[in-house]
Amino acid sequence: MRAFRAIFVATVRQLSDRRKVMGFATMAIAPAILMLALSRTGQFDGLDTDLGMLVVAPFLSMIVPITALILGGAAVGDERRDKTLSFLVLRPIRRVDVVAAKTAGAAAVSSGFALLGAAALVGAYAAVGGDFAILPALAVGGVVVSVIYSAIFVLVGSMVARSTLIGVIYVLFIEGVIVEEIARLHTVSLWRQGLGAAMDLMPGTFPARALLGPLRGTVPSLENALLLTAGVLGVTIAIGTLLLRRTDSV
Amino acid sequence: MSTGVPSAPPATPPAETHAPRDPAYVDAPTVTVTGVSKWFGTKVAVSDLSCSFGPGITGLLGPNGAGKTTLLRMVTGLMRPSEGDVRVFGRDPLEDPSVYARVGFVPEDDAVYGYLTARQLVRYAADLSGTDASTGAVDGALDRVNMLDAADRPIGQYSKGMRQRAKVAAALVNDPDLLILDEPLNGADPAQRAVLISTFHELAAAGRTLLVSSHVLSEVERMTDRVIAMLDGKLAAAGGIRAIRSAMTHIPHRVRIESDNTRALAAALIDTRDVVGLRFQDDGLEVETSNLSSLGTALPALAAKHGVHVTRFEPADASLESVFRHLLSIRR
């Protein structure tokens, strides 16, 4: 447990240097700033569905996934690039602890930025006439998306050097275009799991009907999202551990 | 490849009763490498290598591409042998990570966490190794490499030599029985090298096993007499530096001889069957001989016969660098 904690703390420190914090914090609050800017143009007619889309969709489908995949990819990928991975694996600890602690660290930092972004969005939403009641839903959705993408890209980053490029293409092209067009893929779409969890928790006052569009056939469900998150965590940590044990590429 | 030095080692360690013992092996091994090969596609990095390492310092030598780092990575468990077996404290490090509680490793790469201070790095190493950091182990390791004063500065601000010392401190914090050092003196200035070499000597004197890979031959010579030399992935020579040189009988030995009458001695030596070459150098002679011991035995009588007083007789090519040069010439 001591080793797990040490790797977790070191990973959080690794992923939250000043440059990263400034960059990802700016990215996280960008939707909130956009909302405030657009509200001044008089585009919204009260709390309509456009506003609902603007609050939730870009945040959960782009900002949070991209933040999480960059940080997840760096968690082990940077250690591989900097050749510091031997510092971790030549220790009397199980490699599953190394992978789990790196994943937990990346997920924690990603979730931190997601929570910051959610808080900023809710603040902006309240400023244009909404209320703070949507914060838990947005926070849970953000954390779900953060954990899923972090876990997957810790694994991708441990295998390839260009995990960020792969991730961005995946989010913008695969999830954004291909999955969007093929309805039956929606149930396995990663950020839609977070959106589903958020929709499940949204108060009835939230103008959310338009958000059912991106979800299509997916039933908004916190339970499903949590199950998928747990599954992704289990599978990625297992594969990551196997790779760390079996390959020469440390 | 045949080197004429200790013959290619057997696939398994020799039995205790072998006499004389194969110099590639030690009596009480900490690390045993048995018939190990490693290939990457069609490239063979290490080929059927067998040797062992025990308490004290062993220098691992070889030119770039000889397979030293590959061997060290297999010994540490960072790399799986394509064939053969590596045992550390009698166990396979790939299957049993508990051996790492007794191992310290300093990689060749400039691999440090620049955002940590040296103290944080050493503490991190202590946490990962299960060492109780509250017992002064962290300060002790830093003190050992003379880094206490700079311990609270970020490693990213250190010179390369200081980063090396920080890495060594991190490797020492768990008080390892086996310390594996890949080019530990890289980037260190003379004073820092002296500190590190002194630390290594202390550890060796305390019965620890140190395996040091280095291309700075003079420094290896200062550290140890026992070397394992590798060429093209194979064991080229093993044992004491002078013993290796002595075993290279197919290469003439060079000796430096000084006397009170250099020219008279040269004239006498040139008629000697054992002398195959001779040249004047400074105030003495550098003689090439096919039989060093025979020349050494015959020289006093020869000198007396010609009324020459020999003041100095010493091998001129028994340095590690000379031995290494010979090994390289064999490859060419």
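The model is predicted, so local features are given only at pLDDT of at least 70 and side-chain atom pairs only at pLDDT 80 or more, while totals for chains, interfaces and linings use all residues. Residues are numbered from 1 along each chain as its sequence is written, and chains are lettered from A in the order in which they are written, with ligands numbered from 1.

**Domains**
- An automatic or database domain assignment divides chain B into domain 1 (31–246) and domain 2 (250–331).
- The centres of domain 1 of chain B and domain 2 of chain B, taken over C-alpha atoms, are separated by 39 Å.

**Side of chain B that touches chain A**
- Counting contacts as C-beta atoms, placed from the backbone, within 7 Å, 22 residues of chain B are in contact with 20 residues of chain A.
- The largest share of this side of chain B, four residues, comes from α2(B).

**Strand β7 of chain B**
- Helices (H or I, at least four residues) and strands (E, at least two) are DSSP runs, numbered from the N terminus.
- All five residues of β7(B), 209–213, are buried, meaning that 20 or more other C-beta atoms, placed from the backbone, lie within 10 Å of a residue's own.
- T209(B), L211(B) and S213(B) lie on one side of β7(B), and L210(B) and V212(B) on the other.
- With pairing requiring at least two DSSP bridges, β7(B) pairs in the parallel sense with β3 (residues 56–61) of chain B over five bridges, and G59(B) stands opposite V212(B).
- Five bridges also join β7(B) to the parallel β6 (residues 178–182) of chain B, where D182(B) is the bridge partner of S213(B).

Technical notes:
Contact = placed C-beta atoms within 7 Å. Buried ≥ 20, exposed ≤ 12 C-beta atoms within 10 Å, placed from the backbone.
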